[in-house]
Amino acid sequence: MSASTPLALVDGPEAWRRLMLALVCSTIGGVGMWSVVVALPAVQAEFGASRADASLPYTLAMIGFAFGGVVHGRLADRYGIRAPLLVGAVSLGFGYGLAGLAPSLGVYALAHGLFIAMFGAAASFGPLLAHISLWFAKRRGIAVALCASGNYLAGAVWPPLVQMGIASYGWRATHLVIGAICILALVPLAFCFKAAPPAQASASGSAAARGSLGLSSRALMALICLAGVGCCVAMAMPQVHIVAYCSDLGYGVQRGAEMLSLMLGFGIVSRVASGFVADRIGGLATLLIGSVLQGTALLLYLTSDGLAQLYVISALFGLFQGGIVPMYAVIVREYFAPEEAATRVGIALMATLFGMAFGGWISGAIFDLTRSYMAAFANGILWNLLNLLIVGGLILRRRARAAIA
């Protein structure tokens, strides 16, 4: 990180310019998280796989995305944000090419886990969140939330486009086109990032923040990660399986793709709103609100499977849970030193992605076992409860220590 970049640039025009660039990069690179969901029924049909096996590419993609966030975070710490973005662009192009030509489900899954997710799309999320958090102070919550919205904006824009491509040209040709788009768009954008972030304050404030919870950095990080797993196992059920769920109910994959797009579109609204809230009440309290609302939406999925109702519930689910994941980046910046930002944010997001990976797979496995998604929704509710207990416990612990002080 360059100390020659003026600290006065924090929250200034250059910070907002970078935020807009980061949002565009995240939206383009975010296709690596969502195309596999839309392609699931077509890929399952071609390879004659079970629902659980067809969910494996998504699971590997989430695992790869998780580890990739840490790898690209370290790369960004050492060489700046441009380096991971360039690596990500090339890897996305190669990965989608390999997926489009895959002779087996195993190769298709490997392409998503290693190249599309780990070395590709992961560069356009966690490292960008950490990078943007260093350019903002007063408006850090809203800035991080806006940057994280790129991932959901990708989820709102890409699924209908991918479904149209699959319907018109097949899933193989669609993958090849996506790869070309990623290279042609992301490489020029990477060179738009020039100066390093401004120098930040020392770790003393973050140490005091950890002290307000009475926990060591290792213990607090572990609890943050466990909470991330819990909320995202719950989050994965609708996001990963809504297309297949609609197909099973007889509504068709197009309806499911529309619901996914609606879900993630409203998730953008949620992410922006959560940023404003976090700037006022902090990351932990904002995360607690999001977790309560997400659990409520999952309960609604258990009450009805009518087409109109599913559209409404999917919109509510997106509106309720969209702000959850960015809060982990905000919490890390509130309780840990800025020089640890990229690594700590990467670790926290890695935990959430492990939750998404496991949640996507276990939901498919539960469906194969019960031939119904009802038990899978119930499983998500239980994992969401784990998140509520951890986050609520941290807030109560902070209040108790404040009262003693």
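Begin by selecting Glu14 and Arg17, which form a salt bridge whose closest N and O atoms are 3.0 Å apart; the term salt bridge stands for a side-chain nitrogen of Lys or Arg within 4 Å of a carboxyl oxygen of Asp or Glu. The model on screen is a predicted one, in which local features need pLDDT of at least 70 and side-chain atom pairs count only at pLDDT 80 or more, while totals for chains, interfaces and linings use all residues. Residues are numbered from 1 along each chain as its sequence is written, and side-chain values use heavy atoms, with hydrogens and water left out.

Both Glu14 and Arg17 belong to helix α1 (residues 13-29), where they stand 3 residues apart, about one turn of the helix; helices here are DSSP runs of H or I with at least four residues, strands are runs of E with at least two, and both are numbered from the N terminus.

Next, select Glu46 and Arg172, whose side chains meet in another salt bridge, at 2.9 Å from N to O. This pair links distant parts of the chain, since Glu46 lies in helix α2 (residues 31-47) and Arg172 in helix α9 (residues 171-190), 126 residues apart. Glu46 counts as partly exposed at 45% relative accessibility, and Arg172 counts as partly exposed at 25%. In total, the structure holds 5 salt bridges.

Move on to helix α8 (residues 140-169), and pick out Val157 within this helix, a residue that is partly exposed with a relative accessible area of 39%.

Finally, show α8 together with helix α15 (residues 324-335): the two pack at an angle of about 145 degrees, with their axes 9 Å apart. Axes are lines fitted to C-alpha atoms, for helices over the stretch in contact, and angles run from 0 to 180 degrees between N-to-C directions. To see where they touch, select Arg140, Gly141, Val144, Ala145 and Ala148 in α8, which meet Pro326, Ala329, Val330 and Arg333 in α15, contact meaning heavy atoms within 4.5 Å.

Methods
Buried < 20%, exposed > 50% of the residue type's maximum accessible area, 1.4 Å probe, protein only.
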